[in-house]
Amino acid sequence: MDNGFNKPIKKRNYKPAIIIISVVLIGAIGILAGLPGVEGFDAFDVTILPLMNAIFNTFTFLFLVCAFIAIIKGKVRIHKRFIYAAFVTTTFFLFTYVAHHFLAESTAFGDDGFLKYFYYFILITHIVLAAVIVPLALTSVARAWNGENARHKKIARWTMPIWLYVSFTGVLVYILISPYY
């Protein structure tokens, strides 16, 4: 079976790694959400980290759109490269996200009325779907690596829109909360 790079495919069981990575990432982020931040940290302005998060989410979103366009056009190799680029920017996002939530306490949203409800709706759906996307994205890429194209396509139909939503709403959350840093 062709994997887009004309190399033979060796099927592997990625499920244990997917479970471990998902549990560790989601668990660590959940724990960080309850921590107060590092008191008196002043090595640099930690409010730069959410901006970096938004930048990485923007690139992830753009890479995913390009990957989607590429696969619609049947350009498997280009699709893979954009997906890998999205994984790289998502990984950079995770580093800056964890650093920010380790170093700084949570920022409260400071507006009332419709905007407050809109913000919390976006934030809650973003958080829930961000937890869902971790195993989905890993499973999608594992199926592609194993040459399970039909199964990859089946799960990617869910993974792509959810990942797009998560990366887009990550930027939107930043835009809405940034005045309160």
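How many helices and how many strands does the protein chain have?

1. The protein chain has five helices and zero strands, helices (H or I, at least four residues) and strands (E, at least two) being DSSP runs numbered from the N terminus. From the N terminus on, the order of elements is α-α-α-α-α.

2. This is a predicted model, in which local features need pLDDT of at least 70 and side-chain atom pairs count only at pLDDT 80 or more, while totals for chains, interfaces and linings use all residues. Residues are numbered from 1 along each chain as its sequence is written, and side-chain values use heavy atoms, with hydrogens and water left out.

3. The C-alpha trace of the protein chain spans about 55 × 30 × 25 Å along its principal axes. Of the 181 residues, 35% are buried (under 20% relative accessible area, 1.4 Å probe, protein chains only).

4. The unreviewed UniProt entry places "transmembrane region" features at residues 17-36, 48-70, 82-103, 118-141 and 162-180; such annotations may be inferred rather than shown by experiment. Residues 82-103 are 100% helix and 0% strand, with end C-alpha atoms 31 Å apart. Residues 162-180 are 84% helix and 0% strand, and their end C-alpha atoms lie 27 Å apart.

5. The axes of helix α2 (residues 48-72) and helix α3 (residues 76-103) come within 8 Å and cross at roughly 165 degrees; these axes are lines fitted to C-alpha atoms over the stretch in contact, and angles run from 0 to 180 degrees between N-to-C directions. Helices α2 and α3 are therefore roughly antiparallel to each other (an angle over 145 degrees).

Key
Parallel < 35°, antiparallel > 145°, perpendicular 65-115°, else oblique. Buried < 20%, exposed > 50% of the residue type's maximum accessible area, 1.4 Å probe, protein only.
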